[in-house]
Amino acid sequence: MTDMIEQARAILRNNDRGGYTVPTHRLYPFQWNWDSAFVAMGWVTFDEARGFTEVERLLEGQWDDGFIPHIVFHAPSDDYFPGPSVWGVEHTPPTSGITQPPVLASAVRRMLDHAKDRAAAEACVAAIYPRLLAHHRWWQRARDPAGSGLVSTLHPWETGMDNSPAWDAALARVPTTTTTPVQRRDTAHVDASMRPRAEEYQRFIHLVDLFRDVGWQPEKMLAVSPFRVADIATNSILLRAERDLLALAERFGQAGHTAEISARAEQMRSAIGGLWSTRLGLFQSLDLIDRTPIDVAISAGLLPLYAGAADASCTRAIAATLQRWAGQVRFLVPSTAPDDPRFDALRYWRGPVWAMMNWMIAEGAAGSGEAGLATDLRSSTRDMIANAGFSEYFDPRDGRGIGGRDFSWTAAIYLLLS
Ligand code: DGY
């Protein structure tokens with residue numbers, strides 16, 4: 001076994017807090033939703049039972065209506081803001097009140113497919129499947145009640161791409177908080193030039209105040225939120241997750257489940273198809289407040305490939321977009337197009353490369369007839385991590401590791417690529 005694989009496993013073990021894995025020590029001291037989905041797949045490469053425990057512990061945070069929060073606060077910590085008292089959610093264990101891109105069903109399907117202990121994995125998935133179905137039904141009911149085929153996202157934190165330039169205009173409509181004092185902890189752990197700006201945090205917290213004041217009720221949140229987007233990443237990840245849930249429903253579901261899930265997936269596929277931008281050479285998010293496409297090229301716009309929602313001509317155009325970007329930076333895939341004036345090589349989602357994005361884009365390329373692209377992206381991602389270490393994200397100009405260190409999902413992606 002190579003030293004890098006051993007190091008990746010050691011990171012997951014060191015970030016293990018008893019059945020759940022923190023994204024990294026101090027900066028993120030709880031269990032995060034989409035981090036855990038990637039991390040669970042990473043665990044399964046060397047400890048199958050531990051991988052399923054990761055999912056079960058995340059599901060301890062699931063609410064009765066199927067919602068899965070973006071953070072589960074299993075144990076107290078002063079290292080993070082905003083903690084449980086700001087969220088004001090009544091749940092045991094305490095949780096946040098917003099969600100995150102739903103990678104979970106896709107992770108569970110992959111974990112099942114790769115498990116060597118078939119009987120144990122099948123027993124776990126049989127128990128998890130109804131919770132996944134409830135979660136997908138929540139997405140449709142709470143975030144697409146009109147049945148448009150696109151789910152709404154109500155907070156930049158829900159997209160996981162907090163300070164992406166895609167949200168600049170939509171976030172500018174959100175007032176800065178006047179209720180909860182912002183007491184940032186993140187900049188004590190990571191250089192401030194690599195994190196969102198102070199004003200963005202004040203708007204992030206304003207949204208939390210607003211949603212807490214309506215008691216985290218989905219229909220009220222939709223009605224009061226000044227930030228409402230059809231995020232291309234969330235919708236693509238959900239569509240992929242619907243397809244994976246469909247495969248699980250064939251094994252573990254009841255009468256009617258497969259028809260229900262297929263109908264949802266087909267509706268999403270067609271709605272996502274409408275978000276193609278010929279000018280940008282990728283898909284766009286939609287601002288649902290003023291109903292305009294968000295005109296900025298970001299890596300999230302490549303994820304319809306992962307969802308199986310890009311037809312042959314979009315797939316070719318996406319490959320050309322990546323080739324163009326490869327001529328502008330040394331390491332793919334920058335989170336924002338390098339020729340966009342808002343590109344910032346160091347600042348979180350405004351430029352840096354994220355390993356799990358590369359992994360999803362490569363999975364999508366492999367499934368869309370772009371095998372060469374998939375191979376190149378997988379090997380450059382592995383090399384980048386091998387050179388720079390298991391950082392949270394990477395500078396696309398030179399591959400330098402930036403953000404948090406010893407990051408769980410980067411370690412998990414390395415294991416998936418090895
Ligand atoms: C953070 O705190 O940086 C997260 O992205 C929100 O979950």
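Which hand does the crossing of H16 and H18 have, left-handed or right-handed?

Modeller: This is a predicted model, in which local features need pLDDT of at least 70, side-chain atom pairs count only at pLDDT 80 or more, and totals for chains, interfaces and linings use all residues. Residues are numbered from 1 along each chain as its sequence is written, and side-chain values use heavy atoms, with hydrogens and water left out. The crossing of H16 and H18 is left-handed, a term used if the near helix is turned anticlockwise from the far one by less than a right angle, clockwise being right-handed. Helices here are DSSP runs (H or I, at least four residues), numbered from the N terminus. H16 covers residues 355–367 and H18 residues 408–417, and the two pack at an angle of about 35 degrees with their axes 9 Å apart; axes are lines fitted to C-alpha atoms over the stretch in contact, and angles run from 0 to 180 degrees between N-to-C directions. On the H16 side, Ala355, Met356 and Trp359 meet Trp409, Thr410, Ile413, Leu416 and Leu417 of H18, where contact means heavy atoms within 4.5 Å.

H18 also packs with H2 (residues 33–44), at an angle of about 35 degrees and with axes 8 Å apart, and H2 passes H18 in a left-handed crossing. Here H2 contributes Trp34, Asp35, Phe38, Val39, Met41 and Gly42, while H18 contributes Ser408, Trp409, Ala412, Ile413, Leu415 and Leu416.
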